[in-house]
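Reader: Can you walk me through this one? Keep it quick.
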2 protein chains.
Amino acid sequence: MLSPRPAAGTLAIVPASSTARPRAARGRRTARPSGDDREAAILATAERLLAERPLSGISVDDLARGAGISRPTFYFYFSSKDAVLLTLLDRVVAEADAASAAAFARRPADARQGWRAMIDAYSATFRSHRSVTLAAAELRFSNADVRALWARVSEDWVAACAEAIEAERRRGAAPPGLPARDLAIVLNQLNERVLYGTFSGDGPAVAEDDVVDVLLDVWLSAIYRPAGAPTDR
Amino acid sequence: MLSPRPAAGTLAIVPASSTARPRAARGRRTARPSGDDREAAILATAERLLAERPLSGISVDDLARGAGISRPTFYFYFSSKDAVLLTLLDRVVAEADAASAAAFARRPADARQGWRAMIDAYSATFRSHRSVTLAAAELRFSNADVRALWARVSEDWVAACAEAIEAERRRGAAPPGLPARDLAIVLNQLNERVLYGTFSGDGPAVAEDDVVDVLLDVWLSAIYRPAGAPTDR
DNA sequence: GCGCGGGCTCAACACACTGTTGACCGAGCC
DNA sequence: GGCTCGGTCAACAGTGTGTTGAGCCCGCGC
């Protein structure tokens, strides 16, 4: 589900993504294990360090030393510090993608339960990779690859939500209202910001135990709000 | 209601804010005008450059040259690049604060018009200082002062909104539901993220002309949603 | 068993940027 | 006239990034 290199499935981005990897087609499979091990060691080091300080406080040297190699050697495996995070993020995103799709797919009798399952899956995944999530949120501003990856998955989620909203409207369960896509966009952005706030804990934030309930409440009222309530357009 | 700094003027934070300015009490008022002029020149240069590239792409040297001074001289006026942005942000925030407070204060007959005016004021202010807004969003992650400033104003806005929601509930216009504070938090975060998306334009985003309508719709349905709609708690 | 090629490694370098030091200039004040 | 003090900058020290070039080591063909 989330092994990173099948070059297919949810995450075909990685190869194309990072700004010109040095070793385009490396083909490293020469019985010497150290190559993959070191790559994995770098990734593991990154995740470990990220848990204790923000990405900006971690240098390439830290990553290299943590993985037991020198700085130039690091550059053999990754084109930059950012590329490491991109790989990590890619895995998390693929996991969230799979989890929320699964929750979405097995729509229960009550469609509203489906929304809950989806929000829950999404939230649980990012919570369980909190450090990567927070670092990615930070890096989004300065790194075009991260931005692009995030834009792509957001687009997928928005499209799926818009679709689901329209289905609910067609079957008469939800009233007409805002364009489904606009609604889907803002609800997704809502989740993004609220979960970020809860996980990072700075500024006013919703408690971790309540966050799914609160989000769900807003989603449901935005989607199913009876036509009686004025839109004020 | 939500003016944050009774301590004179709109922007009394600046002195206290930045991490230990070198010139604690400068008292520069010696008939030589250049001092203030230069400070203003730095600020103006920053805003100009920010319009064309992100903060991370601007060096202290760029700022100094733009203001016609050398790099060390820059440090006489500001303790760092970040401090410049903090000053800029502080002004924008004070403006947003004043505008939304004003909109809130002159509550019209229809309370819902009050919400619209508030969202509109908030949105218009940040739109008219787009570059500062976007830079601040970026810097929030790496700079504790910016984070603190933002947390403070968010707290004010959240408190004011929670207050208003409770007032609506008391007078029977809005049904009971989520804790007012939680609702206020997520609605504020919603605005923050959605406006950011619209102004920055990356990822799926709501069109600039529609954004206030869309936000308002979500706010109103979350606040006024008739009790009939299930909360699912 | 030997050399040869390529995956892999690192010391050393070139560069960009940050923040600081110390000397200096000129204007007003006594 | 000397003295202080706001203001200014050349030069330095430090920390980070990404690159280069020489070289190691291991498997493989001969």
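Author: A term to begin with: buried means under 20% relative accessible area, exposed over 50%, and partly exposed in between, with a 1.4 Å probe and protein chains only. On that count, 51% of the 233 residues in chain A are buried. This is a predicted model, where local features need pLDDT of at least 70, side-chain atom pairs count only at pLDDT 80 or more, and totals for chains, interfaces and linings use all residues. Residues are numbered from 1 along each chain as its sequence is written, chains are lettered from A and ligands numbered from 1 in the order in which they are written, and side-chain values use heavy atoms, with hydrogens and water left out.

Reader: How many helices and strands in chain A?
Author: Ten helices and zero strands. Both are DSSP runs numbered from the N terminus: helices are H or I with at least four residues, strands E with at least two.

Reader: What share of chain A contacts join residues at least 24 apart?
Author: 68%, among contacts between residues at least 6 apart in sequence. Contact means heavy atoms within 4.5 Å.

Reader: Give me an example. Where is A:Leu89, and what is A:Leu89 in contact with?
Author: A:Leu89 is in helix α5 of chain A, residues 81–105. Neighbours within four places in sequence aside, A:Leu89 contacts A:Val132, A:Ala136, A:Val146 and A:Leu149. A:Val146 is 57 residues from A:Leu89 in sequence, yet their C-alpha atoms are 8.3 Å apart.

Reader: Is A:Leu89 buried or exposed?
Author: Buried, at 2% relative accessibility.

Reader: Switching topic. Which side chain does A:Asp217 join in a polar contact?
Author: That of B:Arg225, at 2.8 Å. A polar contact is a pair of N or O atoms within 3.5 Å; within protein, one must be able to donate a hydrogen and the other to accept it, and residues adjacent in sequence count only if both atoms are side-chain atoms.

Reader: And where is A:Asp217? Buried or exposed?
Author: A:Asp217 is in helix α10 of chain A, residues 211–224. A:Asp217 is buried, with a relative accessible area of 2%.

Reader: Now chain B. At what angle do α7 and α8 pack?
Author: About 115 degrees, with axes 6 Å apart, for α7(B) (residues 130–142) and α8(B) (residues 144–170). Axes are lines fitted to C-alpha atoms, for helices over the stretch in contact, and angles run from 0 to 180 degrees between N-to-C directions. So α7(B) and α8(B) are roughly perpendicular; angles under 35 degrees count as roughly parallel, over 145 as roughly antiparallel, 65 to 115 as roughly perpendicular and the rest as oblique.

Reader: Which residues make the contact?
Author: B:Ala136, B:Leu139, B:Arg140, B:Phe141 and B:Ser142 from α7(B), with B:Ala144, B:Val146, B:Arg147 and B:Trp150 from α8(B).
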